[in-house]
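Here are my notes for the discussion of this chain. Please read them with the structure open.

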Amino acid sequence: MPFSERASRLKGSLIREILAAAQRPEVMSFAGGLPAEAMLPAVDWSAMPVSMGQYGMSEGEPALREVLAAEARALGIPCEASQVLVVSGSQQALDLAGKLYIDKGTEILLEAPTYLAALQIFQFFGADCICVPLHADGPDLAALRDRLEQHRPAFIYLIPTFQNPSGVCYSEAKRDAVAALLDEFGVTLIEDEPYRELTFDGVNARPIVSRLQRASWIYTGTVSKTLLPGLRVGYLIASPDLFPHLLRLKQAADLHTNRVGQWQALQWLGTDRLKQHLGELRSYYRVRRDAFQSALETHFADLAEWNLPSGGLFFWLTLKQPLDTRKLLDAALAVDVAFMPGEPFFPDPEANHGHLRLNFSHVDPALLDEGLRRLAQVIRAATDSAPAATPAPVAALASAGQD
């Protein structure tokens, strides 16, 4: 039977395929953004009311929405609980935004590189993706103004705090400048901040949406990186002109987010127990980040450039001799190492060779050095035996200091 035209645009997720291939216990996986299992908090379900098993409100649990609104206001975001929508992981927020704005050929604006699952969603809906290069402190402002003047996109999607995949954290000046441009051109901002709480060096910049004066906005977050990804609880907060439309899309999608996960999230958010857990989590990941940096310096100094991320879960490497890193996967898996090629993080993968995203949170520290040694051998062998690919026409993130 024939499928919809939209279904023909749906691409498989390379990261999910890599994770499936890396299920063998001997594989050292730097591929996914998986939290460390040792840091998943123990949870107690014994006090959960039986009523949580019943259908709930599409907007989410009222008490949870109040807590999320209060935390957003503490970040400077002007909002009330009536603007909060609890969703099935922040991934669903991107899906709802795509449904709200995108028809086939709709122009949208993205960082390059950007979160590959967001790219998958937007392209599935038929978006024409326009890119802005990233520098170490945020987007190229001249390029951003040029894109806004020429294209007037339906929205811009940004990950300003410990960006996935690059690890970039926008400076305060860049955040102010981006907000001013979006207000000037009246372009909606979708600001995705799943990694905000995973800060290791004291970085705590205010969200861009808190700086907007006129432009519409959607702000997304999740408990997946700080509590349990299996809860599948995220949220979006939207400017009042957008919220009713997003709510109706949520109702049509799945009626409401699972109440069991919402209840568990509510037991943690806004509590001293969560503050203690976050402190322990940051310290734990900081140690792993620093160990990863040391191992990279040992094994990759002659192969790649990178910045030390001040938060998040990833290192973004730029090879000194660009290669199509997708072609390295089989060789890496053959020596029991998994990684994430850089090409899928760009709307035009074929024009952007020579990058790798490596996760530092999940691999056992005792295996870290050996895993990176094996991966470096795979890259070195490919570099010696294959002609170089065309360098990516993107600002080199590793060429400037991390803000």
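Which residues does Thr114 touch, leaving aside those up to four places away in sequence? The model is a predicted one, and point 1 takes up the question.

1. Thr114 and its contacts. Thr114 touches Leu119, Tyr157, Ile159, Gln163, Asn164, Pro165 and Phe345, with residues up to four places away in sequence not counted. Thr114 sits in the loop between strand 3 and helix 4. Its relative accessible area is 0%, so Thr114 counts as buried. Asn164 is 50 residues from Thr114 along the chain, and their C-alpha atoms are separated by 6.4 Å.

2. Two cis peptide bonds. Ala112 and Pro113 are joined by a cis peptide bond, with omega about 10°. Pro113 lies in the loop between strand 3 and helix 4, where Thr114 is also found. Pro165 belongs to the loop between strand 6 and helix 6 (172-185). Asn164 and Pro165 are both among the residues that Thr114 touches. I would look at these two loops together.

3. Strand 3 and its partners. Strand 3 (residues 107-112) is mostly covered, with five of its six residues buried. With strand 4 (residues 128-135), strand 3 pairs in the parallel sense over six bridges. In that pairing, Glu111 stands opposite Val132 of strand 4. Strand 6 (residues 155-158) also runs parallel to strand 3, and two bridges join them. Here Leu110 faces Tyr157 of strand 6 as its opposite residue. Tyr157 is also one of the residues touched by Thr114. As a reminder, in a regular strand the side chains alternate between the two faces of the sheet.

4. Handedness of the crossover. Which elements make a β-α-β unit with strand 3, and is that unit right-handed or left-handed? Helix 4 (residues 116-124) and strand 4 complete the unit, and it is right-handed. The loop that holds Pro113 leads from strand 3 to helix 4.

5. Helix 3. This helix has 12 residues (residues 90-101), and at 1.5 Å a residue they should span 16 Å. The end C-alpha atoms are 17 Å apart, which agrees. The buried residues of helix 3 include Ser90, Gln92, Ala93 and Leu94. Leu96, Ala97 and Gly98 are buried as well.

6. Four strands form an open sheet in the order 10-11-14-13, with antiparallel pairing. Strand 10 (304-305) and strand 13 (340-341) are at the edges; each has a single partner strand, so one side of each is left without a neighbour in the sheet. Strand 13 is joined to strand 14 (residues 355-359) by two bridges, and the two run antiparallel. Met340 stands opposite Arg357 in strand 14.

7. Positive phi. Two residues deserve a look at the backbone. Leu255 is not a glycine, yet its phi is positive, near 70°. Leu255 lies in the loop between helix 7 (243-254) and helix 8 (259-266). At 48% relative accessibility, Leu255 counts as partly exposed. Asp336 is not a glycine either, and its phi is positive at about 65°. The loop between helix 10 (329-334) and strand 12 (337-338) holds Asp336. Is Asp336 buried or exposed? Its relative accessible area is 18%, and buried means under 20%, so Asp336 is buried.

8. The chain as a whole. The secondary structure comes to 11 helices and 14 strands. For 403 residues, a compact globule would have a radius of gyration near 22 Å; the chain has 21 Å, which agrees. Along the principal axes, the C-alpha atoms fill a box of roughly 60 × 55 × 55 Å. Buried residues make up 56% of the 403 residues. Of the contacts with a separation of 6 or more, 75% are between residues 24 or more positions apart.

9. The annotated span. An unreviewed UniProt entry carries the annotation "domain: Aminotransferase class I/classII large" for residues 50-375. In the model, that span is 38% helix and 17% strand. Its end C-alpha atoms lie 50 Å apart.

Definitions and conventions. Residues numbered from 1 in each chain as written. Predicted model: local features only at pLDDT ≥ 70, side-chain atom pairs only at ≥ 80, totals over all residues. Heavy atoms only, no water. Expected span 1.5 Å × (residues − 1). Buried < 20%, exposed > 50% of the residue type's maximum accessible area, 1.4 Å probe, protein only. Pairing = 2+ DSSP bridges. Right-handed = clockwise from strand over helix to strand, strands pointing away. UniProt positions renumbered as here; feature names shortened; annotations may be inferred. Rg over C-alpha atoms; globule rule 2.2 N^0.38 Å. Contact = heavy atoms within 4.5 Å.
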